[in-house]
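Reader: I would like to go through this structure by asking what each label rests on. Please set the values against the definitions as we go.

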Amino acid sequence: MAGQSLEFWTRLLHLPNFVVVHSQEELQPPRYCFTIAAEHRIGVCPRCNKASTEVHQTRTRERIVDLPISGYAVELKVCACQFLCDRCEVAFTPDVPFLAEGAHATDRFLERAAQLIRSSDVANVAKFFGLPEQTLARWYYDYVERRRAASSEPLKPITRIGIDELSLKKNIGSSSP
Ligand SMILES: [Zn+2]
C-alpha cells in the first residue's frame, strides 16, 4: 500500500476533523502508523466560548490503538493543539472526541472490542487484536464503567417515575450482562 496519498488515508480513517499528516507501513508485524492532526487550527475557550487560533504548544498522544485495516494493526499518533485565550489569559486543550478517556485507544476500537468480548472473552479478543490481555481488560472495564455512568445520567432529573420509565428500567436491568 506504499505510495497512497495522505488524502486517501484521511478518507479511509474517517476521523471527524482530523487529517493524516504522516503515514508509515511496518511489515513485521504488519502495522500502519499514522500521525494525525486537527484539520483546522482553532479552539473554543471553555471559559468564555471565544474562538482562538493562537497555538500555545502542540502535544502528542502516542501509541493510540485504532481498528485494524485488513491484516494490519493501526496505531495513531495524535497531535493536539493547546490554545491560548487572550481574553481569559489561560491555555486550554480541546478534547479529541474520538479518543477514549484513560485508554490508549479510540472509542470505536473499544466499542468493537466490547462487542466481541460480550460474545467471547477478554483473552480471545486480546489475542485477536494482538494486545496484552491485562491491558485490554483494564480498557474494557473502564469503558463499561463510563458507559454505565453516561447511560444513567439522563435518568437523574426524573423525580416522578411513570409506567414507561419503570418498564424501561426493568428492561435495562434484565439485559445487563
Ligand atoms: Zn476565554
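Author: Start with two helices: α2 and α4 pack at an angle of about 100°, with their axes 10 Å apart. The model is a predicted one, in which local features need pLDDT of at least 70, side-chain atom pairs count only at pLDDT 80 or more, and totals for chains, interfaces and linings use all residues. Residues are numbered from 1 along each chain as its sequence is written.

Reader: What makes α2 and α4 parallel or perpendicular to each other?

Author: Angles run from 0 to 180 degrees between N-to-C directions, and the axes are lines fitted to C-alpha atoms, for helices over the stretch in contact. Under 35 degrees counts as roughly parallel, over 145 as roughly antiparallel, 65 to 115 as roughly perpendicular and the rest as oblique. The angle here is about 100°, and α2 and α4 are therefore roughly perpendicular.

Reader: Which residues of α2 and α4 meet?

Author: Leu110, Ala113, Ala114 and Ile117 of α2 meet Leu136, Trp139, Tyr140, Tyr143 and Val144 of α4. Contact is defined by C-beta atoms, placed from the backbone, that lie within 7 Å.

Reader: What counts as a helix or a strand, and how many are there in the protein?

Author: Both are DSSP runs numbered from the N terminus: helices are H or I with at least four residues, strands are E with at least two. The protein has five helices and seven strands. Their order along the sequence is α-β-β-β-β-β-β-β-α-α-α-α.

Reader: Which residues of α3 are buried, and why are they said to line one face of the helix?

Author: A residue is buried if 20 or more other C-beta atoms lie within 10 Å of its own, exposed if 12 or fewer, and partly exposed in between, with C-beta atoms placed from the backbone. In α3, residues 122–129, the buried ones are Val122, Val125 and Ala126. Seen down the axis of α3, they fall within an arc of 105°, so they line one face. The arc is taken over the directions from the helix axis to the C-beta atoms. An α-helix has 3.6 residues a turn, so residues three or four places apart point the same way. On the other side of α3, Ala123 and Lys127 are exposed. The cover over the buried residues of α3 includes α2 (107–119) and α4 (133–152).

Reader: What makes the largest nonpolar core a core, and where does this core lie?

Author: A nonpolar core is a set of buried Ala, Val, Leu, Ile, Met, Phe, Trp, Tyr and Cys residues joined through C-beta atoms within 7 Å. The largest one has 27 residues, of which Ile36, Ala105, Leu110, Ala113, Leu136, Trp139 and Tyr140 touch the most other members. Two or more residues each come from β1 (18–26), β2 (31–38), β5 (55–69), β6 (72–85), α2, α3 and α4. Domain 1 (1–99) and domain 2 (107–177) both give residues to this core, so it lies between them. The domain bounds come from an automatic or database domain assignment.

Reader: What is Ala105 in contact with?

Author: Leaving aside neighbours within four places in sequence, Ala105 is in contact with Ile64, Val65, Ala100, Leu110 and Trp139.

Key: Contact = placed C-beta atoms within 7 Å.
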